[in-house]
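Keep the sequence and the structure side by side as you read.

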Amino acid sequence: MARPSHPSNLELQALSVLWHEGPSTVQDVHSSLPDGKERAYTTVLSVMQSLERKKLVKRSASGRAHVYEAAWSQDIIVRSATHDFLNAFGGRPGEAILAILSAGTLTPDEKTNIERELQRHKAMAAKKVAKKAPAKKAAKKVAKKAPAKKAPAKKAAKKAPAKKAPAKKAPAKKVAKKAAKKVAKKVAAKSAKKTAKKAAKKAPAKKVAKKAPAKKAAKKAAKKAAKKA
């Protein structure tokens, strides 16, 4: 359903007559306008014709007279007008209500209706607070439980480095073993060289010792050969 057009101030007054009095003629509206100002009949007729063009009222014939009926409920039209009215107060309903109350005197019935409406708003506000309260408590409980669940993970994280410590020490042992092997090889190589040198030094002496008897035997054989000759 399309949104209704926004009526002017005088059009709103004419509509208020239709909402409270029901379907009315131009003459009825002319004599019942809320502000009570004197206006020509033709002025009110122009207002009703404007409302009809805006499709805010419906016109029907009743004999020679024309009867006008509101096409939209008061709640729908006033809601739009109230929004514009509140803008004049920065959207603050409290200030708008005080301005309305200062504009005139309330009847006992109007005061009762306003008090009833205020009580209804208080009850609605209390229900909203009651609904939000359990949600906040549940959120707090979840927040309290959450650290307790995460605690084992933190303990596991602290224990993890202790378990990994031996893995870090293992390379150090391997390095030490490799170093010990290298040292052992060097020591063995040096001792082998020393042994080889000693053996080399002793070897010529033995050869000389072995060759010496051979020379003596040669000399003896030469002497024997000389004697025979």
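Helices here are DSSP runs of H or I with at least four residues, numbered from the N terminus. By that rule, E117 and R120 both belong to helix α6, three residues apart, or about one turn of the helix. The model is predicted.

**Salt bridges**

- How many salt bridges does a search of the whole structure find? The search finds six.
- D75 forms a salt bridge with R79, with 2.3 Å between the closest N and O atoms.
- Both D75 and R79 sit in helix α4, which spans residues 74–87. They are four residues apart, about one turn of the helix.
- D75 is partly exposed, with a relative accessible area of 48%. R79 has 54% relative accessibility, so it counts as exposed; the cut-off for exposed is over 50%.
- R92 and E95 meet through their side chains in a salt bridge of 3.0 Å, N to O.
- E95 is partly exposed at 39% relative accessible area. R92 is partly exposed as well, at 44%.

**Positive patch**

- Which lysines gather in a patch of positive charge on the surface? They are K174, K177, K178, K181, K182, K185, K186, K190, K193, K194, K197 and K198.
- K174, one of these lysines, lies in helix α6, residues 108–228.
- Is K174 buried or exposed? K174 counts as exposed because its relative accessibility is 57%, and exposed means over 50%.

**Backbone at K55**

- Most residues other than glycine have a negative phi.
- K55 has a positive phi of about 65°, although it is not a glycine.
- Where is K55 found? K55 is in the loop between α3 (41–53) and β2 (57–62).
- K55 has 64% relative accessibility, so it counts as exposed.

Notes. Residues numbered from 1 in each chain as written. Predicted model: local features only at pLDDT ≥ 70, side-chain atom pairs only at ≥ 80, totals over all residues. Heavy atoms only, no water. Patch = residues over 30% accessible without salt bridge, like charges linked within 9 Å, V, L, I, M, F, W, Y side chains within 5 Å. Areas by Shrake-Rupley, 256 points an atom, 1.4 Å probe, with all protein chains shown as cover. Salt bridge = Lys/Arg side-chain N within 4 Å of Asp/Glu carboxyl O. Lys, Arg positive; Asp, Glu negative; His and termini not counted. Charge placed at Lys NZ, Arg CZ, Asp CG, Glu CD. Helix = DSSP H or I, 4+ residues; strand = E, 2+ residues; numbered from the N terminus. Buried < 20%, exposed > 50% of the residue type's maximum accessible area, 1.4 Å probe, protein only.
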